[in-house]
Amino acid sequence: MSLKISFLGAAREVTGSCHLLEVEGTRILLDCGMYQGGSERHERNRQPFAFDPTQIDYCLLSHAHIDHCGRLPLLKRAGFTGPVITTAATVELCQILLPDSAHIQEEDAHWKIKRLRKEGKDASWVQPLYTVAEAEEALTLFESVPYDQRVPLKNGLAVTFRDAGHILGSSIVDLELPSSRGIHRFVFTGDLGGTNARLLHDPSTVACPDALMMETTYGNRVRDTGEDVTQALEDIITATHARGGNVVIPSFAVGRTQELLARLNDLVEHDRVPSLPVYVDSPMAVAATKVFRRHDEAFSPEMHALIGAGDDPLTFPGLELTRSVDESKQINASTQPAVIISASGMCDAGRIKHHLVHNLGRRESTILFAGYQARATLGYRLQQGENHVRIFGEMHSVSARVRTLHGLSAHADREGLLNWFSALGGCPEHTFLVHGEEQASLDFQDTLRDRCGGQSLVPSLGEVVKLKW
Ligand SMILES: [Zn+2]
């Protein structure tokens, strides 16, 4: 039996996850993600696929992040007829995230057309990457499967999705490929979660496969800062409340927000913070939180213990989920100190910008970042301590305190990746390191070389590998 692997995205970089497996006439796409970060990468999303989408038998989707699923509407447009197989929670999160991604594409095109026309230039060529209607069409191809259930595919192949602990519904894709010498296993990790999450399971361990494709986002970084995130939240909220200010938390709508809520649930229900309103002001975060509530199968044992004791870890006294623009405006009309969680996580879009306008000039308020901010974002400038920032075209001076929680991340760090690899209990015959900046993948390859010799490869974009079993 021969297996041909084409690395078509997230190879020596972190976005655009997409790999093609060809096994004796069966063609399987692992993820179909969007390139993100910068206009050069954005343009790559428009290039035709390096394969014929009408000939793909299955797309196996690891999770709902846009850099893993964001090109599915283009795949559908190009003739792919499905199915996209993934977990039920991933289906429901994609129902929120794909139309949102399309909406952003439509808005971007709208503004570009407006700008070109203003400059007296031709704008007839401007098209959104895809439309909301096309995102909805792609969603009709989705089929959901439970974790740990073996799903037969054609030609004797089978797949099992295992919990990757990264975001709700995230999966390690465990494929069985039959050959004359028995079953061979190919495992794709998708993105692996850290072990410090409060809400979700640790990543599942799997038996050592014959071939492994592994993410290496933090392949050369040890992130354990020793920070107790819940304690840090308690200290910051208590101190800010005493000053009469708001704690404003820019947060990703899916994942980070719910992780924060689980920790706030602890603090509120154990009276570790003064009683105060906690607003989640993002329609997408509110919708995503509902999906989390429906899928507690992905929750950690601690969360199940809470639920067993009658507590909903995503609900507590004072929590208010706001949807409408009016509700959002009322938050800033109130003088009572509050915690305000709003998107986007890097402050470049969404309602968070209004909350920043209202709070940056207040010495008593705190802007609390829940993680890494990419360069050139408003979040990055604030995190770097800039005294003045531009929002909606106007300069605002920064008097509020700016803090960052470092201990919240949806990704395993180098130690986490290594621990997960060690738990395989052996060395796969072939290991492919993907989904990391080049140096992160290469450094992790060095780390693995000490354990397993020179059996791992860091593929380049477009590289093709053939395995014979
Ligand atoms: Zn991810």
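Mentor: Phe392 counts as exposed, because it has 9 C-beta neighbours inside 10 Å. A residue with 12 or fewer is called exposed, and one with 20 or more buried. Keep in mind that this is a predicted model.

Trainee: Where is Phe392 placed, and what is its phi?

Mentor: Start with the general idea. Most residues other than glycine have a negative phi. Phe392 is not a glycine, yet its phi is positive, about 50°. Its place is the loop between β17 (388-391) and β18 (394-397).

Trainee: Now Ala10. Is Ala10 buried or exposed?

Mentor: Ala10 counts as buried, because 29 C-beta neighbours lie inside 10 Å. Its phi is positive too, near 50°. Look for Ala10 in the loop between β1 (2-7) and β2 (19-23).

Trainee: Which peptide bonds are cis?

Mentor: The general rule is that most peptide bonds are trans. Here the bond from Gly82 to Pro83 is cis, with omega near 0°. Pro83 sits in the loop between α3 and β5 (84-87). Another cis bond joins Ala343 and Ser344, with omega about 10°. Ser344 belongs to the loop between β15 (339-342) and α11 (352-359).

Trainee: Let us step back. How many helices and strands does the chain have?

Mentor: The chain has 14 helices and 22 strands. Buried residues make up 45% of its 469 residues.

Trainee: What does the radius of gyration tell me?

Mentor: Compare it with the value for a compact globule. For 469 residues that value is near 23 Å, and the chain has 23 Å, which agrees. The C-alpha trace spans about 70 × 60 × 40 Å along its principal axes.

Trainee: Which domains are assigned?

Mentor: Domain 1 covers 2-221 + 426-468, and domain 2 covers 229-404. Their C-alpha centres lie 30 Å apart. Where they meet, 18 residues of domain 1 are in contact with 19 residues of domain 2. On the domain 1 side, helix α4 (residues 88-118) gives the largest share, 7 residues. By class, that side has 11 nonpolar, 3 polar and 4 charged residues.

Trainee: How do I read a helix? Take α14. What should its span be?

Mentor: Count 1.5 Å a residue. The 15 residues of α14 (residues 438-452) should then span 21 Å. The end C-alpha atoms are 20 Å apart, which agrees.

Trainee: Which residues of α14 are buried?

Mentor: Ala440, Ser441, Phe444 and Leu448 are buried. After α14 comes Gly453, with a positive phi near 75°.

Trainee: And which residues are buried in α5?

Mentor: In α5 (residues 132-139), Glu134, Ala135 and Ala138 are buried. They cover an arc of only 105° around the axis, which puts them on the same side of α5. Their cover includes α3 (72-77) and α4.

Trainee: One last residue. What does Gly219 touch?

Mentor: Gly219 lies in the loop between β11 (211-215) and α6 (229-243). It is buried, with 27 other C-beta atoms within 10 Å. Its contacts include Ala440, Ser441 and Phe444, three residues that are buried in α14. Arg414, Leu417, Gly436 and Asp443 are also among its contacts.

Conventions
Residues are numbered from 1 along each chain as its sequence is written. This is a predicted model: local features need pLDDT of at least 70, side-chain atom pairs count only at pLDDT 80 or more; totals for chains, interfaces and linings use all residues. Helices (H or I, at least four residues) and strands (E, at least two) are DSSP runs, numbered from the N terminus. The expected span of a helix is 1.5 Å times one less than its number of residues. The radius of gyration is taken over C-alpha atoms; the globule rule is 2.2 Å times the number of residues to the power 0.38. Domain bounds come from an automatic or database domain assignment. Two residues are in contact if their C-beta atoms, placed from the backbone, lie within 7 Å. Ala, Val, Leu, Ile, Met, Phe, Trp, Tyr, Cys and Pro count as nonpolar, Asp, Glu, Lys and Arg as charged, and the others, Gly among them, as polar. The arc is that of the directions from the helix axis to the C-beta atoms. Lists of a residue's contacts leave out its neighbours within four places in sequence.
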